[in-house]
Every structure is written in C-alpha cells, then in structure tokens.
Amino acid sequence: MLFEWIQKCEVKKFVDAFEWIQKCEVKENEESKCLLLWDKVLELCVTLAFQDNLQVVKRALTVFCQVISICGEDKSSDGFLGAVGFGRASNLSVNFRFLCRSMVAFILAQIPSNASLRLEAMAAGYIPTIDFKKPATETTEPSPSILALKAVENLRALLRNKPYAALRDLVNRAIEFVVDPKHSLVESRQFLQEFALLVFPKHSYLYAIAN
C-alpha cells in the first residue's frame with residue numbers, strides 16, 4: 001500500500017512538471033532555470049522506468065524531446081515563412097540551443113526501435129560510434145531509431161555552423177557522450193549537469209542538478 005502511494009505521488013509530480021514544460025515559453029534570461037525542471041523530469045523518468053512504467057516514460061520522453069527540440073532550432077518554424085525556412089531568428093542563446101540539441105540527442109539515443117528503454121551500460125540498441133550517420137535499416141533487432149540518428153546528426157551539424165564555433169569542443173564532447181554505449185538513461189542527469197555547468201558556469205544553483 002505504501003509503495004503504491006509513493007508511486008502515485010511520483011506520477012503526479014511527473015505529470016505536473018511535464019505539463020509546465022509543455023506550456024512554458026522559455027525566455028533568454030530564464031534559460032538556465034529551465035534546466036532545473038528538466039532535471040526533475042529526468043529524475044522522475046528514471047524512477048518510474050525502474051518501477052516498470054516503461055511505456056509511459058518512453059512516450060513522455062519522446063514528447064519532451066519534441067518540446068525542447070523546438071528551443072534548439074536557430075529559426076522559428078511557425079507559420080508559412082517558418083515552414084519554408086524564413087522564420088525569424090531564435091531569441092535564445094546559442095549555449096541554450098546547443099544544450100537543447102545535445103539533450104534531445106542523448107535522450108532519443110536511449111529510446112531504441114524494437115526495444116523499450118536503455119537503462120544500463122551496453123544495453124541493446126545503442127548508436128554505433130563509427131556508422132551512426134548511416135540511415136537506419138529495417139530490422140527486428142533493437143537498433144537506434146531514425147529520430148535518434150537524426151538528432152545526433154543535428155547536433156553534429158553545429159560543427160559546421162559559424163555561430164557555434166566557440167562551442168566546437170563541447171559539441172564534440174557531447175557527441176562522444178551520446179554515442180558511448182556505456183551511457184544509458186540513468187546518466188541523463190549527469191549529462192545535463194556536466195554540460196549545463198560548462199555553458200552556464202556562473203549559475204551556481206545548477207550544481208543542484210543530479211544531486
């Protein structure tokens with residue numbers, strides 16, 4: 001009975017945090033504060049995943065990635081002009097956009113096709129470090145999803161993007177972390193903390209992430 005009550009509380013906190021993220025419009029002066037909420041969502045996702053709520057977590061993380069991937073775009077995709085590539089430039093910092101793309105790539109890498117979630121080192125479905133750019137082929141075996149491969153390529157594209165030149169080393173580090181098969185969803189908060197502190201070093205409250 002106590003376990004069921006605790007589990008319901010975790011689900012309630014998860015739903016509340018998730019709904020807030022979906023409704024929230026990120027502003028540049030509040031970027032780093034959003035990361036604290038991301039951390040809470042990731043913490044609850046890992047907790048619920050180990051309580052066998054795998055499909056719920058999988059669906060939630062997929063939507064979560066859809067939400068923050070919008071923040072990682074360099075231009076708005078709203079309206080007709082956005083749809084044809086002439087959207088207005090993002091008012092979010094390159095640091096935050098890099099973090100969004102990195103987080104999306106890492107999370108989607110833990111949601112393989114033909115499997116549930118990667119919750120331990122070397123779990124099936126990880127992205128091959130050599131051929132991660134190759135298009136996904138049809139298979140019944142656990143393998144990286146098309147979304148995951150695309151997300152990693154979107155992250156890698158920042159290496160050719162002039163506004164992100166100062167972040168080139170961080171982009172490479174993020175890619176290495178994402179495709180490392182020893183990392184799983186369990187390391188998502190560690191990933192967030194490491195790169196959040198690198199791009200927002202003056203915000204000491206970010207040390208609360210993953211703690």
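Modeller: Of the 19 residues in helix α2, 14 are buried (under 20% relative accessible area, with a 1.4 Å probe and protein chains only), so α2 is largely enclosed by the rest of the structure. This is a predicted model, in which local features need pLDDT of at least 70 and side-chain atom pairs count only at pLDDT 80 or more, while totals for chains, interfaces and linings use all residues. Residues are numbered from 1 along each chain as its sequence is written, and side-chain values use heavy atoms, leaving out hydrogens and water.

Helix α2 covers residues 31–49 and spans 27 Å from its first C-alpha to its last, close to the 27 Å expected at 1.5 Å a residue. Helices here are DSSP runs of H or I with at least four residues, numbered from the N terminus.

Now for a partner: helix α8, residues 188–199, whose axis comes within 9 Å of the α2 axis and crosses it at roughly 165 degrees. That makes the two helices roughly antiparallel (an angle over 145 degrees). The crossing of α2 past α8 is left-handed. In contact terms (heavy atoms within 4.5 Å), L35, W38, D39, L42, E43 and V46 of α2 meet S188, R189, L192 and A196 of α8.

A word on confidence: pLDDT, the predictor's confidence in each residue from 0 to 100, averages 85 over the protein, and 79% of the residues score at least 70. Helix α4 (residues 79–83) has the lowest mean, 46, and helix α5 (residues 94–109) the highest, 98. Where pLDDT is low, the predicted coordinates should not be read in detail.

Definitions and conventions. Expected span 1.5 Å × (residues − 1). Buried < 20%, exposed > 50% of the residue type's maximum accessible area, 1.4 Å probe, protein only. Axes fitted to C-alpha atoms, helices over the stretch in contact; angles between N-to-C directions. Parallel < 35°, antiparallel > 145°, perpendicular 65-115°, else oblique. Left-handed = near helix turned anticlockwise from the far one by under 90°.
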